[in-house]
Amino acid sequence: MSELDDFRAELRAWLLSHCPPSMRTPPGDGEEVWGGRRCVFPSEDARRWLLAANTRGLTAPTWPTEYGGGGMSREQAAVLAEELRALGCRPPLRSLGIWMLGPVLLRYGTEAQRRAFLPGIIRGETRWCQGYSEPGAGSDLASLSTRAVRDGDHYVVDGQKTWTSHADKADWMFCLVRTNPSAPKHQGISFVLIDMASPGITVRPIQLISGASPFCETFFEGVRVPVDQRVGDEDAGWEIGKYLLSHERSNISLSRDAQSSVEEPLAAQARRYEGGAPGEPLRDASLRDRITQVDLDFLCNKLALRRAAEEAAAGRPAGSEASMFKLVGTEVNKRRRELKVALRGFAGLGWEGEGYLDDELTTTREWLRSRANSIEGGSSEVQLNILAKRVLGLPD
Ligand SMILES: Cc1cc2nc3c(=O)[nH]c(=O)nc-3n(C[C@H](O)[C@H](O)[C@H](O)COP(=O)(O)OP(=O)(O)OC[C@H]3O[C@@H](n4cnc5c(N)ncnc54)[C@H](O)[C@@H]3O)c2cc1C
């Protein structure tokens, strides 16, 4: 048996004894754990599962053990992902800190910043939100105007962020601010970490058509932020902000892929509504066509993601190519959700009340959510622009 086989066997035994059986089922609505100081665990088992995962650094398997990570090699982390999937274990924690900020701190942070922030992120004790978009700066993010003016050992921050997901539940924000209004717009931006409990911060929720509203507006009035909470050099935040975005984009695509992988195949769903014997082709030829096309595109994206993961393991992480995964992953996901609605007919557009299956109500909500998916982290049009300029090298 190879070392990796030993590792797999030991890990599987450990998971079977430490992941409670109720955590080996798909999470229902609101059952995901996002951590943070104000975290309300959906169940005692969810709390126990996170605590157990923390003893082995499973929430950040490849990060160094000195910060609480798992210290695993890429190969071991791949085995972990396979075993978690095979046993149907829920992720013990979902976290912008792990998906986005952690890689930034590991690459650009000081040792003091890594020691201060990574353990809390890994254990799910601090929850982070993203302060990038502003009313006048979404796709054109570099136009952001939230100001940070130096005052001794602090910056004084004034301005407004918008679409800040879960700002009302977050403990900290990673934020892009303008530190030099005279410099060209990409060169006057800094990347700072802001404690959401700081005096001068006001958070207001925004309502959404899908019913659930993660969004907030975040206002800053004279908020004092210690200078040592700036990551990287002053005015050098654009490169760091973009590095974070490449992680956000890869993660959006990976999470769509993971979600769709565990769903009942589209053809089986269609069969439930169309009828007919198992094994027989669906009667509706155009439906067969649409399902086949979506399934194939989904599979191709999955293989491209796997290739990218292997390249990253070999030391060639995706840069601007992450835009390709974000674009294709979210657009295929949108088509898949539309198809799920279509094959249920009227039942696919239920919202509430009697007469709908739970699965049908979820289908409507997921369809609406998928529309947002191709906007968050940079819209599909913006990803096309990035691919044209930075990957294909086309002229402006
Ligand atoms: C679910 C969700 C969660 C989000 N969470 C956060 C968060 O936590 N923190 C945060 O900071 N932001 C967040 N956002 C905001 C998100 O980053 C922005 O919505 C996105 O970058 C687009 O910016 P905008 O909404 O200002 O649209 P705009 O920039 O105004 O764009 C409007 C339309 O014009 C198109 N467009 C704009 N410029 C171009 C161009 N140059 N070429 C072609 N087409 C163009 C866009 O594609 C879009 O269709 C979230 C958004 C969503 C949907």
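## Ligand shell

Of the 19 residues around the ligand, those that come nearest are Tyr132, Gly138, Ser139, Glu376 and Ser379; a residue is near a molecule if its C-beta atom, placed from the backbone, lies within 6 Å of it. The structure is a predicted model, in which local features need pLDDT of at least 70, side-chain atom pairs count only at pLDDT 80 or more, and totals for chains, interfaces and linings use all residues. Residues are numbered from 1 along each chain as its sequence is written.

By class, the shell around the ligand holds six nonpolar, 10 polar and three charged residues. Here Ala, Val, Leu, Ile, Met, Phe, Trp, Tyr, Cys and Pro count as nonpolar, Asp, Glu, Lys and Arg as charged, and the others, Gly among them, as polar. At least two residues of the shell come from each of β1 and α11 (380-391). Helices (H or I, at least four residues) and strands (E, at least two) are DSSP runs, numbered from the N terminus. The ligand lies between domain 2 (128-235) and domain 3 (239-391), because both give residues to the shell around it.

## Domains

The protein chain is assigned domain 1 (3-101), domain 2 (128-235) and domain 3 (239-391), with bounds that come from an automatic or database domain assignment. Between the C-alpha centres of domain 1 and domain 3 the distance is 24 Å. Four residues from domain 1 and six residues from domain 3 make up the contact, where two residues are in contact if their C-beta atoms, placed from the backbone, lie within 7 Å. The side of domain 1 that touches domain 3 has three nonpolar residues, no polar residues and one charged residue.

## Nonpolar cores

The largest nonpolar core has 43 residues, and Leu101, Trp128, Met173, Val192 and Ile194 have the most contacts inside it. Two or more residues of this core come from each of α4 (96-108), α5 (111-123), β1 (128-131), β3 (154-161), β4 (172-178), β5 (189-195), β7 (216-226) and α6 (237-261). A second, separate core of 15 residues includes Phe298, Ala322, Val332 and Leu343. A nonpolar core is a set of buried Ala, Val, Leu, Ile, Met, Phe, Trp, Tyr and Cys residues joined through C-beta atoms within 7 Å. A residue is buried if 20 or more other C-beta atoms lie within 10 Å of its own, exposed if 12 or fewer, and partly exposed in between, with C-beta atoms placed from the backbone.

Apart from neighbours within four places in sequence, the contacts of Val192 are Ala148, Tyr155, Cys175, Val177, Val225, Gln229 and Arg230.

## Strand pairing

Strands β3 and β7 run antiparallel and are joined by seven bridges; two strands pair if DSSP finds at least two bridges between them. His154 has Pro226 as its bridge partner in β7. Strand β6 (residues 201-205) also runs antiparallel to β7, through five bridges, and Ile201 stands opposite Phe220 in β7.

Strand β2 (residues 147-151) contains Arg150, which counts as exposed because it has 11 C-beta neighbours inside 10 Å. Arg150 and Val225 are 75 residues apart along the chain, and their C-alpha atoms are separated by 9.4 Å.

## Positive phi angles

His166, in the loop between β3 and β4, has phi near 55 degrees, a positive value in a residue other than glycine. With 19 C-beta neighbours inside 10 Å, His166 counts as partly exposed.

Asp235 is found in the loop between β8 (230-231) and α6. The phi of Asp235 is near 70 degrees, likewise a positive value in a residue other than glycine. Asp235 has 15 other C-beta atoms within 10 Å and is therefore partly exposed.
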